[in-house]
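Try each task before you read its solution.

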Amino acid sequence: MIPQSRQILWNLGRRRYSPTMAENPLRVLRDQIDALNGDLLHLLNERLQLIEQVQELKARTGRPMFDPARESRELDGMLLANRGPMTADQVRAIFKEVFKLSLGHMQQETRRVLRVHRGEQPDSIYEIAGHSFGGSAQLIAGPCSVESAEQLDLVAGKLRSLGVRFLRGGAFKPRTSPYSFQGLGIAGLRMLREAADRHGMAVVSEILDPRHIDAALEYSDVLQVGTRNMYNYELLKLLGRSNKPVMLKRGFMATLEEFILAAEYIAHEGNEQIILCERGIRTHEKWTRNTLDLAAIPLLRQETPFPVVVDVAHGTGRKDLMVPMARAAIAAGANGVMVEVHPNPPLALSDNEQQMDFDEIETFVGAVLG
Ligand code: PEP
Ligand code: MN
């Protein structure tokens with residue numbers, strides 16, 4: 001049977017009549033080329049269908065999707081069989097594209113079967129300590145590190161008066177140097193809880209170590225996974241077995257594919273209350289602390305049903321950029337923006353350059369949400 005694609009191309013190429021070679025050799029040759037194009041198209045599609053079957057089989061038997069040794073054997077076989085006029089280099093180049101096509105197709109298929117894949121799912125909206133999260137943009141604000149009960153009470157009071165409902169604060173601090181302030185630990189979590197309860201707010205705080213899971217569940221409403229831990233799959237699995245929302249920050253060198261797969265680790269264990277946080281990635285740029293990837297916002301929202309938060313504090317490290325970047329994030333579809341606030345930033349024990357004082361946060365809230 002003539003493949004349908006060949007028939008269509010052949011019909012398209014056919015004009016009123018089919019000339020003979022003597023009448024119009026160019027037309028005859030071109031008609032043959034059109035027919036072969038149809039065959040190639042049909043064969044490539046047939047090959048992709050077989051790839052889909054192989055993928056399904058591999059998924060069922062737990063075998064790795066990508067098998068470079070097999071590709072290399074396929075290529076060797078074709079080089080042996082090649083009788084020209086294609087050169088060996090041309091055969092290699094063309095099949096490199098064919099293999100790339102299969103890999104891309106497989107990756108697309110893999111994404112479609114992920115739990116975190118949006119599919120037909122509506123936007124996820126969570127009820128967190130009496131506040132809804134996931135629809136229109138919310139602010140998550142608070143100090144970089146929890147330093148004292150007084151500091152938190154002042155910050156929470158100010159934020160609440162500005163309408164902020166989500167209080168952040170690091171009790172366990174992942175610092176670049178082991179000699180920098182490491183956080184107040186569980187005592188800090190307790191202070192966060194007290195300040196949040198006093199002011200009717202929800203607590204967002206980072207968990208670094210699986211040994212702190214009980215305390216984190218007791219005192220926090222949203223468990224934050226920091227950029228350094230996005231690849232800590234054991235921690236992600238543990239959080240996946242909890243019943244509290246997890247805010248997963250993008251690894252500072254993670255691709256979006258890796259970010260989404262990290263979220264899959266959480267969802268795979270049963271917890272689908274996930275918030276994705278874009279916090280900038282490391283590039284060659286030196287004028288900002290990180291390069292905030294704004295394209296990640298619509299991409300993550302297209303690919304998953306989860307709310308996306310943009311941390312403009314760690315994402316830029318610069319107070320003069322926070323208003324424009326927060327506005328840009330919301331315009332691009334972010335469901336939340338995170339910033340750092342301290343009663344006296346120059347005296348802060350961490351990130352004192354990027355924490356806003358009370359006047360600055362007031363201006364920021366007015367400019368971004370007002
Ligand atoms: C934080 O939000 O406190 C933090 C440490 O951020 P990141 O993990 O993005 O560096
Ligand atoms: Mn910080």
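The exercises below treat a predicted model.

Residues are numbered from 1 along each chain as its sequence is written, and chains are lettered from A and ligands numbered from 1 in the order in which they are written. In this predicted model, local features need pLDDT of at least 70, side-chain atom pairs count only at pLDDT 80 or more, and totals for chains, interfaces and linings use all residues.

**Exercise 1.** Find which residues a cis peptide bond joins.

Solution. Start from the background: most peptide bonds are trans. Check omega: about 10° between glycine 84 and proline 85, a cis bond. Then place proline 85: in the loop between α3 (68-81) and α4 (88-112). Helices (H or I, at least four residues) and strands (E, at least two) are DSSP runs, numbered from the N terminus.

**Exercise 2.** Locate alanine 129 and state its phi.

Solution. Phi is near 45°, positive in a residue other than glycine. Alanine 129 sits in the loop between β1 (126-128) and β2 (131-133). The cut-offs are 20 or more for buried, 12 or fewer for exposed, and partly exposed in between, with C-beta atoms placed from the backbone.

**Exercise 3.** Where on helix α10 do the buried residues lie?

Solution. List the buried residues of α10 (residues 296-303): Ala296, Ile297, Leu300 and Glu303. They cover an arc of only 145° around the axis, so they lie on the same side of α10. The arc is that of the directions from the helix axis to the C-beta atoms.

Notes. A residue is buried if 20 or more other C-beta atoms lie within 10 Å of its own, exposed if 12 or fewer, and partly exposed in between; C-beta atoms are placed from the backbone.
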